[in-house]
Amino acid sequence: MDEEGKRRVVIVGGGTAGWMTAAALVHQLGPLVSVRLVESAEIGIVGVGEATFPHLRLFLRRLGIEEAAFMAATHATYKLGIVFNDFGALGEEYMHGFAGFGEPVAGVPFHHYWLRMHREAQGSAIGDYSIAVAAARARRFHPPCDDLGGEGAFSYAYQFDATRFAPFLRDFACGLGAERIEATVRHVARDAERGDVTALELADGSRVEGDLFIDCSGFRSLLLGETLGEDWESWSDWLPCDRAVAMPCTRPPGEIEPFTRAIGMSSGWRWRIPLQHRLGNGYVFSSAYLSEDAATAELAGVLEGTPLAEPRILKFRPGRRRRAWAHNVIGIGLASGFLEPMESTSIYLVQVAIDWLLELFPLGAVEEGDRTTFNALIDFEYARIRDFLILHYHATRRDDSPFWNRMRTMELPESLAERLALWRRSARVAHYGRGPFLEPSWVAVLLGQGIRPDAWDARAQLPDRARLEGAMAALRADVDRRVGSMPDHAAYLHDLIGGEALDG
Ligand code: FAD
């Protein structure tokens, strides 16, 4: 505690994770804590991470940050989901939208009825019954409101310039009393008996003492990994991609897609993220199958605009620290683990770690029970995302490269193998109840990548076929009507932020 009785929180790292944590702690815990954040200009931030998950809206809302101010500051666009190309097979496309498909009928999820109709009558694509998918296809956007079916009908996220988000939050957090220290940490001091971290020793010889240390130092994992030696659990047998080459380029003028694209490549996949002022591009690949030079050339060959920076190689390991909270150190962000950005989940993982930290925040001594709870909750989030990502690679008919052959034929984690078996025999998705990917997400990817179940819920056979056809046609017409009343995405953005950048 400091002399005013505040709990002294020290954060190492001023990337997205560090400043999200600082902003949330000062805003939510106010006078109970003092927050100091040490960041090093010498080291810098990872500076990628442009596509997000709908939960980020809650984060901003809870902090009272206005969406328009955030969008203008980070050059953001709206995101209704992710369009996957060349995953199930070359030439195929589907969208994982932030919305369900249709409405359950008599408690039976809509996709069971769709499966029946599709088998009997070749009805329209399941995406036609999703507002998010239909709006994305039409390049239209409006936030959910009563006319459009309200908050439950669909959700949305953002695509933003990763180098602008942390500075935006830094201003917010410092405005509420967080203290920023620009310095490089050279040494970490620990209590000889308990092993807790007691202070950071900085390059200029000064010390920053604290009660609770948050490791947001990125891939370096200065406190959790280097200092405490927390074990790393590798998932590279299932997720062999370990490199990315990033290369932003100019955005073609005109429409701005309200979605991220993930496009299968020869030895991985690439992202394409439209921002207000440019396109974010990057190729996530496995160095076991492709050299850095070859990946750079493959990406350069498909860029849609003029490159805005030299290609940048990023190296990573898929997996996580076995414990995200050890002693009095909590790892948040890349310091605690990494899963490739195919479903834009890293910033989401930062956010859930912050939420649980706030809920379990120790005003007195750290309790072992709280640590264990926190670690179990983080494990659970990581493992579910891991399985969902593996599904995208495994559910493929691609046989055009050694990389896809390996992914198609790999042995799955038991948890995923069981889910797939359940889907194949019954079209049921084991319920999670919580976490980022609920039933509609699994249905989107399973059907989108061509995994058709053998059977569906018996109750979907009950309605008379003509009645069912009529109900589905009405549902589709309703989706079309709602989407038809939305403005063009670029026009909506233009009205919101008045940005000249959009006109380019
Ligand atoms: P960093 O940004 O690396 O910040 C680390 C901080 O620690 C820096 O301020 C650094 O200076 C500081 N530091 C380190 N050592 C010291 C020291 N000794 N002394 C003082 N300071 C120190 N996430 C998504 O949600 N969506 C995406 O689309 C997405 N795409 C990605 C693509 C790639 C290729 C990669 C690699 C990641 C992607 N991510 C994505 C993840 C996302 O970038 C990160 O989760 C996010 O930026 C948080 O990073 P961080 O703050 O943990 O680390």
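**View 1. A cluster of aromatic rings in the predicted model.** In this predicted model, ring pairs join Phe70, Tyr78, Phe141, Tyr156, Tyr158, Phe160, Phe165, Phe168 and Tyr492 into a cluster.

**View 2. The ring pair of Phe84 and Phe87.** With ring centres within 6.5 Å taken as the criterion for a pair, the count comes to 31 aromatic pairs. The rings of Phe84 and Phe87 have centres 5.2 Å apart and planes at 85 degrees, and the pair is therefore edge-to-face, given that planes over 60 degrees apart are assigned to that class. Both Phe84 and Phe87 are buried.

**View 3. The ring pair of Phe110 and Tyr129.** Here the ring centres of Phe110 and Tyr129 are 5.0 Å apart and the planes stand at 50 degrees, so the pair is classed as tilted. Phe110 belongs to helix H4 (residues 110–121), whereas Tyr129 is found in the loop between H4 and helix H5 (131–138), so that the pair ties together parts 19 residues apart in sequence. Phe110 is buried, its relative accessible area being 4%, and Tyr129, with a relative accessibility of 7%, counts as buried as well.

**View 4. Arg419 over the ring of Trp442.** Arg419 is placed over the face of Trp442, at 4.3 Å from the ring centre.

Note on methods:
Residues numbered from 1 in each chain as written. Predicted model: local features only at pLDDT ≥ 70, side-chain atom pairs only at ≥ 80, totals over all residues. Heavy atoms only, no water. Phe/Tyr/Trp six-rings, centres within 6.5 Å; stacked < 30°, edge-to-face > 60°. Buried < 20%, exposed > 50% of the residue type's maximum accessible area, 1.4 Å probe, protein only. Helix = DSSP H or I, 4+ residues; strand = E, 2+ residues; numbered from the N terminus. Lys NZ or Arg CZ within 6 Å of the ring centre and 35° of its normal.
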